[in-house]
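Look at the model first.

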Amino acid sequence: MVSSCTQGRMVTVLSIDGGGIRGIIPGTLLAFLESKLQELDGANARIADYFDIIAGTSTGGLVTSMLTAPNKDNRPIYAAKDINNFYLEHCPKIFPQNSTNPNTSVSGATGPKYDGKYLRSLTDELLGDLTLKQTLTNVVIPTFDIKLLQPIIFSTKDARTNVAKNARLSDICIGTSAAPTYLPAHYFETRDASGKTRSFDLIDGGLQLIILH
């Protein structure tokens, strides 16, 4: 992928870690970086304007999508300074302290702690039907398919050449954020160029190293 993006020049890559509510940490750093870029290039400067590739897993995948998904003016739907407010507003509803998934036993052995319904509705509202190939710069979001027992890497480059990998950004974000014991795996389908269905059963992309170890 890198070779097709370089064209003989240096490639700039931004990698955003996961960690649920700890998305506030990269959010703080990115807000500072974007503010400095705006001092140089004006108030409309955005992180996506400066990186050839932005990669993120788990909550980092959500931040990646927020920074690169286009609005109606073909600019990022979120400025970096808005990320922390997003987390502070929505994380208490994604991970409610007084709520338990009815499919989970006292020991937590039969299902995830949270049902993930709020996160699904939130990402659907945030990203709508935007797909991976529409991102404003190249993105890479790792996930893990628990049915196939193998990592699935979503990238803008693949999405532009493989229709079956051009999934909705909201589905990819929910999948890469689905940390076992906390949120349920996310199932969705796409279709290839011939109309054949491809299914995905995804969990947190950061766990693939543990599972494959």
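Helices (H or I, at least four residues) and strands (E, at least two) are DSSP runs, numbered from the N terminus. This is a predicted model, in which local features need pLDDT of at least 70, side-chain atom pairs count only at pLDDT 80 or more, and totals for chains, interfaces and linings use all residues. Residues are numbered from 1 along each chain as its sequence is written, and side-chain values use heavy atoms, with hydrogens and water left out.

Q: How many aromatic pairs does a search of the whole structure find?
A: Rings of Phe, Tyr and Trp (its six-membered ring) pair if their centres lie within 6.5 Å. Planes under 30 degrees apart count as stacked, over 60 as edge-to-face and the rest as tilted. The search of the whole structure finds six.

Q: Which class does the pair of Phe95 and Tyr114 belong to, and why?
A: The ring centres of Phe95 and Tyr114 are 5.4 Å apart. Both residues sit in the loop between helix H4 (83–94) and helix H5 (117–127), 19 residues apart. The planes of Phe95 and Tyr114 meet at 70°, so the pair is edge-to-face.

Q: Is Tyr114 buried or exposed?
A: Buried means under 20% relative accessible area, exposed over 50%, partly exposed in between (1.4 Å probe, protein chains only). Phe95 has 21%, so Phe95 is partly exposed. Tyr114 has 6%, so Tyr114 is buried.

Q: What kind of aromatic pair do Phe154 and Phe200 form?
A: Phe154 in strand E4 (residues 150–155) and Phe200 in strand E6 (residues 197–204) are 46 residues apart. Phe154 is buried at 0%, and Phe200 is buried at 0%. With centres 5.5 Å apart and 50° between the planes, the pair is tilted.

Q: Which residue lies over the face of Phe154?
A: A charge sits over a ring if NZ of Lys or CZ of Arg is within 6 Å of the ring centre and within 35 degrees of the ring normal. Here the distance from the ring centre is 5.5 Å, and the residue is Lys165.
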